[in-house]
Amino acid sequence: MVKICCIGAGYVGGPTMAVIAFKCPSVEVAVVDISVPRITAWNSDKLPIYEPGLDEVVKKCRGKNLFFSNEIEKHVAAADIVFVSVNTPTKTSGLGAGKAADLTYWESAARMIADVSKSSKIVVEKSTVPVKTAEAIEKILTHNSKGIEFHVLSNPEFLAEGTAITDLFNPDRVLIGGREENAGGLKAIQTLKDIYVQWVPQERIICTNLWSAELSKLAANAFLAQRISSVNSISALCEATGANVTQVSSAVGKDLRIGSKFLNASVGFGGSCFQKDILNLVYICECNGLPEVANYWKQVIKINDYQKNRFVNRLVSSMFNTISGKKIGILGFSFKKDTGDTRETPAIDVCKGLLNDKAQLVIYDPQVPEAQIFKDLSTPKFDWDQLGSTIQITEDAVAQSVKVVHNAYEATKDAHAICILTEWDEFKSLDYQKIYNNMPKPAYMFDGRNVVDVAKLRQIGFIVYSIGKPLDPWLKDMPAIA
Ligand code: NAD
Ligand code: UDX
């Protein structure tokens, strides 16, 4: 029986290993983590992350060929293949702060693997890492190996949160990078391929050299984020000209060379990956003497910041330039629907912007716990481009100005304005007439996700702003926004 150990039981390690265990009954999978609460939750009825379909997969395999444990060293020592799926956040201090990936967790995992191993192992980079990390990992492993053979592979993960299980069941591709130039490297690639081939068609398993695999992951995320910033930049022009961004992106996306996916204008992209990975790409370009390339990619994040600021400015300027003391109902806080994850969610920046203008916020999200929202709004944000523009809100101010409630009607009752910041399906079918009746007039709707039927809401009486859509006559008369 092949034994796999995965270090890191997070959004990637948990679902990925659960699917490997589910699809490969003859493989034994142990997912280990330093966090005791996380492992306890993986072993309970309430898993630590919300992901459609995950519960069923975990319940089918847990205790049979899937185990969650804090006994890291024991499971690493016993494994044939060790996946490393620890977090690789952006560095917040020291050399490369604000851009470079912080590989502290990765390095400590590699050193521990070298320390406890008594048999040869394949070590798989599952985390997203800077190109050439495998070289550093190889050095750590071989300098401490006591004669044991280690083969390092890069097998970046492409799942998106909210659709992790379907993405893992039916991936567009699986990428395996390894030392193609030697027999040991080729054998390691084949061993990992033998796992995936149990459910992924051969032609979707791509084998490359290590550096191509590492860089492909950063490049894929940069390309995806770049599409969103592109359509978001066009959304600003749509509002200025009377074009409709949904019509424009649909017409543009019909060109097969462009494609229709990932062209939804929004209040901005969020999530733990896009910004972090682009900043990392920017840093690598700078380190390799490529400032023009670095600046090109930096612009993707600048447009994303611009889009979030633009949304806040639009709201404030539409409401007579003052929201001080006004109640604003916030619908959605997670960075996208079908996840409770709030890492880099645009809702944080938007809410902080509104709080900075002294609004009273009442927030509803179907999956994000109240404590998480309070934590996110009072945690100082690292200023990635060091221009000092980041708004910091104190814990006291958050406690005084923010309320978290348990449904959309409660959040919007007596609100001067509503902001939709996550595209949860339930926001499409709310009774907006009832909501309108319970709001002071004029009643505003600021839809950051193009969820509502603009014409219908205008008919009810709302003043509606929807990203990239022709402006409400009321908004056209308001002062121009920055
Ligand atoms: P996460 O923070 O949810 O999980 C990481 C886990 O690693 C944590 O539970 C942490 O306690 C654990 N950990 C850290 N150091 C450890 C150590 N030395 N030993 C044992 N456990 C340790 O992170 P995530 O979202 O799962 O992301 C992991 C990696 O995968 C990152 O590099 C990320 O960029 C990449 N990735 C994430 C996604 C995504 O959608 N979240 C998708 C693709 C790739
Ligand atoms: C992303 C990548 O898609 C995935 O391949 C990678 O492995 C991890 O990073 P994730 O961040 O989980 O996945 O979600 P994704 O669906 O990419 O959405 C990221 C952000 O972009 C969300 O805030 C989403 O709302 C936003 N988005 C997405 C848009 O604003 N418009 C779009 O058209 C698509």
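A charge is taken to sit over a ring if NZ of Lys or CZ of Arg is within 6 Å of the ring centre and within 35 degrees of the ring normal. Lys132 meets this description, lying over the face of Trp211 at 4.2 Å from the ring centre. Lys23 lies over the face of Phe169, at 4.3 Å from the ring centre. The model is predicted, with local features needing pLDDT of at least 70 and side-chain atom pairs counted only at pLDDT 80 or more, while totals for chains, interfaces and linings use all residues. Residues are numbered from 1 along each chain as its sequence is written, chains are lettered from A and ligands numbered from 1 in the order in which they are written, and side-chain values use heavy atoms, with hydrogens and water left out.

A pair of aromatic rings is described by the distance of the centres and the angle of the planes. Rings of Phe, Tyr and Trp (its six-membered ring) pair if their centres lie within 6.5 Å; planes under 30 degrees apart count as stacked, over 60 as edge-to-face and the rest as tilted. In the whole structure, 15 aromatic pairs are found. One of them joins Phe320 and Trp474 edge-to-face, at 5.9 Å centre to centre and with 70 degrees between the planes. This pair links distant parts of the chain, 154 residues apart: Phe320 is in the loop between helix H12 (291–318) and strand E9 (327–331), and Trp474 is in helix H19 (residues 473–476). Helices (H or I, at least four residues) and strands (E, at least two) are DSSP runs, numbered from the N terminus.

Relative accessible area (1.4 Å probe, protein chains only) is classed as buried under 20%, exposed over 50% and partly exposed in between. Phe320 is partly exposed at 48%, and Trp474 is partly exposed at 31%. Tyr432 and Phe462 have ring centres 6.4 Å apart and planes at 80 degrees, so this pair is edge-to-face. Tyr432 lies in helix H17 (residues 432–437) and Phe462 in the loop between helix H18 (454–460) and strand E14 (463–466), so the pair ties together parts 30 residues apart in sequence. Tyr432 is buried at 6%, as is Phe462 at 3%. One aromatic cluster is formed by Phe311, Phe320, Tyr444, Phe446, Tyr465 and Trp474.

The search for disulfides (pairs of cysteine sulfur atoms within 2.5 Å) finds 0 in the whole structure. The closest cysteine sulfur to that of Cys5 belongs to Cys6, at 7.1 Å, too far for a bond. Cys419 is likewise in no disulfide, with the nearest cysteine sulfur, that of Cys351, 7.5 Å away. Cys5 is buried at 0% relative accessible area, and Cys419 is buried at 0%.
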